[in-house]
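Me: I am new to this structure and would like to go through its strands with you, one question at a time.
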Amino acid sequence: FRNAFSGTPVSPSQPQPIYYVFRTLSTMFENATPSATVVRIDPTDVQTEVDVECSTFAVKGGDLLVALSLAGKAQDESPEVVADVSIVGERFSSAVAVDLLNGEEQDVAVDAAEADTRLALIVLRDYPLIIRLTR
């Protein structure tokens with residue numbers, strides 16, 4: 001917690017933004033366990049070499065959480081890479097990207113026509129993007 005303004009007799013405390021990130025992560029990962037699911041990342045700009053950190057987690061009920069971020073040290077001006085993300089050998093019917101700060105979810109278009117599940121045009125930055133896939 002941090003003090004809002006210390007010059008007044010009543011000095012209320014406010015949560016730091018990281019409090020909300022931890023709250024969202026705790027809720028999302030409540031029943032999650034590490035998974036060995038294979039994820040393939042294909043940048044849309046084939047000229048770009050990309051180093052992406054990726055972790056997968058199985059959730060009770062068959063859902064999958066995929067955490068993606070650009071590798072390296074975070075910067076104020078975050079680089080941005082657009083990529084297609086494929087979950088190899090798995091088929092999912094829907095996906096949502098979750099904003100860690102406020103828990104807001106945004107639908108992601110899913111192409112499960114083949115043996116893999118493909119998510120097109122995912123924007124990756126130097127902070128984590130969590131995608132929840134549902135069968």
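Me: Which residue in the turn of the hairpin formed by S5 and S6 has a positive phi?
Reply: This is a predicted model, in which local features need pLDDT of at least 70, side-chain atom pairs count only at pLDDT 80 or more, and totals for chains, interfaces and linings use all residues. Residues are numbered from 1 along each chain as its sequence is written, and side-chain values use heavy atoms, with hydrogens and water left out. Strands are DSSP runs of E with at least two residues, numbered from the N terminus, and two of them pair if DSSP finds at least two bridges between them. S5 and S6 form a hairpin with four residues between them, and the one in the turn with a positive phi, of about 100°, is Gly61.

Me: How many bridges join S5 to S6?
Reply: Strand S5 covers residues 52-59 and runs antiparallel to S6. Within this pair Ser55 stands opposite Ala67, and the number of bridges joining the two strands is seven.

Me: Is S6 largely enclosed by the rest of the structure, or exposed, and why?
Reply: Buried means under 20% relative accessible area, exposed over 50%, and partly exposed in between (1.4 Å probe, protein chains only). Leu64, Val66, Leu68 and Leu70 on one side and Leu65, Ala67 and Ser69 on the other are all buried. Because seven of the seven residues of S6 are buried, the strand is largely enclosed.

Me: Which residue in S12 stands opposite Leu64?
Reply: S6 and S12 run antiparallel and are joined by five bridges. Across this pairing, the residue opposite Leu64 is Leu133.
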